[in-house]
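Here is my note on the charged side chains of this model. Please keep the sequence and the 3D view open as you read.

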Amino acid sequence: MKAAVFHSPGNIQVDTVEDPKLENDRDVILKVTSTAICGSDLHILSGAVPQASNMIMGHEFMGIVEEVGSSVTNLIKGDRVVVPFPIACGQCFFCNHGASTHCENSNYEHYGPNGDLTDEKGGALFGYTDLYGGYAGGQAEYVRVPYADISPRIIPEEMTDEQVLFLTDIFPTGWSAIDWAQLQGGEVVAVFGSGPVGLMTQKAAWINGASRVIAIDPLDYRLQKAKNVNYVDTLNPHKVDVIEAIREMTGGRGADVCVEAVGFEPERTMLDKMKATVHFEKGSMKVLDMAFKAVRRGGTVSIMGVYGSTYDNFPLHRVFDKAITIKQGQAPVLNYIDKLFDLVQNNKVILEDIISHTLPLSEAAKGYELFDKKEDDCVKVVLKP
């Protein structure tokens, strides 16, 4: 089969690789019909999240069941399913307590309680390095789905791939950011980053009762996308002092909720990069620090961007003094996917309006380049095997 394969930092190619096989009686083999490139895939592409060996990429995918393991009774050949990005056994302590991203059984070699930089990680993820299980991803013609009796959700034929594909990751991730903040209605929500996760967070904020949603991004075309599809206020940090602007919008207090949807590889100056090198840090937490400044006292900051390093200058003094609640982590997709599917099916939310590029799988390398370099007003790339 054909698959988008990571070879080394900066080098993703579409290769011919072996077809996946059933390895366990709880597996299914899926024929992929749609898959997408995620912002967190770019951390692997850049080398910031390390991967030593070749790996099939992709954790946002859906398709048609081709083969079914003997213990899978909820799916049959021909079912069309969408697959959440975390791999969960459904039986361990964490799976039984609504925390499937911490599954004790899916990440066989590198699971552990410490959460270290290079070991003792959480549950496995599709196509997201050996540290998170080493599972082949879904940017391929076929993919093996373990524990298939737990995560996949059947999709009715009348719904398009584009309507439901983002239930795999980015819509549940955006929803988590808002759900964790426990909106009561009437809050001002500031979303740092208007990439795919930021756009989904904005949608979730409106649905959960926000009175005002503010999108922050250094790229005007992404802010225009946010305005067009989500009807938000927009701020470009190259043009305004974002912190002061948010305070002016909120009576001097700051936003009730700030969501960091950028991660540790934001737009950076050469000085930022030099400082990170001196401190032995990967990337920067400057966007997170902006969120801490922009949130009101007693407010909540949800961190949905990926962070893969320690930071010596973490502003604990500010977090303490302002009594900021911090929520963060991989989105527990299984907690939300059924509710979110109902929202999509009942036309309460539109997800496909963020797609900017649809390419054949054979052009995956081009898709990564467009997305990584933010060329041609690229917001979200969907690949068709």
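1. Start with the term "patch". A patch is made of residues with over 30% relative accessible area and no salt bridge; like charges are joined within 9 Å, and nonpolar side chains (Val, Leu, Ile, Met, Phe, Trp, Tyr) within 5 Å. Accessible areas come from the Shrake-Rupley method with a 1.4 Å probe, and for residues only the protein chains shown count as cover. Lys and Arg count as positive, Asp and Glu as negative, while His and the chain ends are not counted. A charge is placed at NZ of Lys, CZ of Arg, CG of Asp or CD of Glu.

2. The model is predicted: local features need pLDDT of at least 70, side-chain atom pairs count only at pLDDT 80 or more, and totals for chains, interfaces and linings use all residues. Residues are numbered from 1 along each chain as its sequence is written, and side-chain values use heavy atoms, with hydrogens and water left out.

3. Now the surface. D372, E375, D376 and D377 form a patch of negative charge there. D372 sits in helix α11 (residues 364-373). Helices (H or I, at least four residues) and strands (E, at least two) are DSSP runs, numbered from the N terminus. D372 is partly exposed, at 36% relative accessible area. Here buried means under 20%, exposed over 50%, and partly exposed in between (1.4 Å probe, protein chains only).

4. How many salt bridges are there? The count is 18. The rule asks for a side-chain nitrogen of Lys or Arg within 4 Å of a carboxyl oxygen of Asp or Glu.

5. Take R26 and D149. Their side chains meet in a salt bridge at 3.1 Å, N to O. The pair links distant parts of the chain, 123 residues apart: R26 is in the loop between β2 (11-16) and β3 (28-37), D149 in the loop between β7 (142-145) and β8 (153-154). R26 is buried at 12%, while D149 is partly exposed at 26%.

6. Next, E60 and K380. This salt bridge spans 2.7 Å, N to O. E60 lies in strand β5 (residues 60-68) and K380 in the loop between α11 and β16 (381-384), so the pair ties together parts 320 residues apart in sequence. Buried or exposed? E60 is buried, at 0%. K380 is buried too, at 0%.

7. Then R296 and D256. The closest N and O atoms of this salt bridge are 2.7 Å apart. R296 is in strand β13 (residues 295-303) and D256 in strand β12 (residues 255-260), so the pair ties together parts 40 residues apart in sequence.
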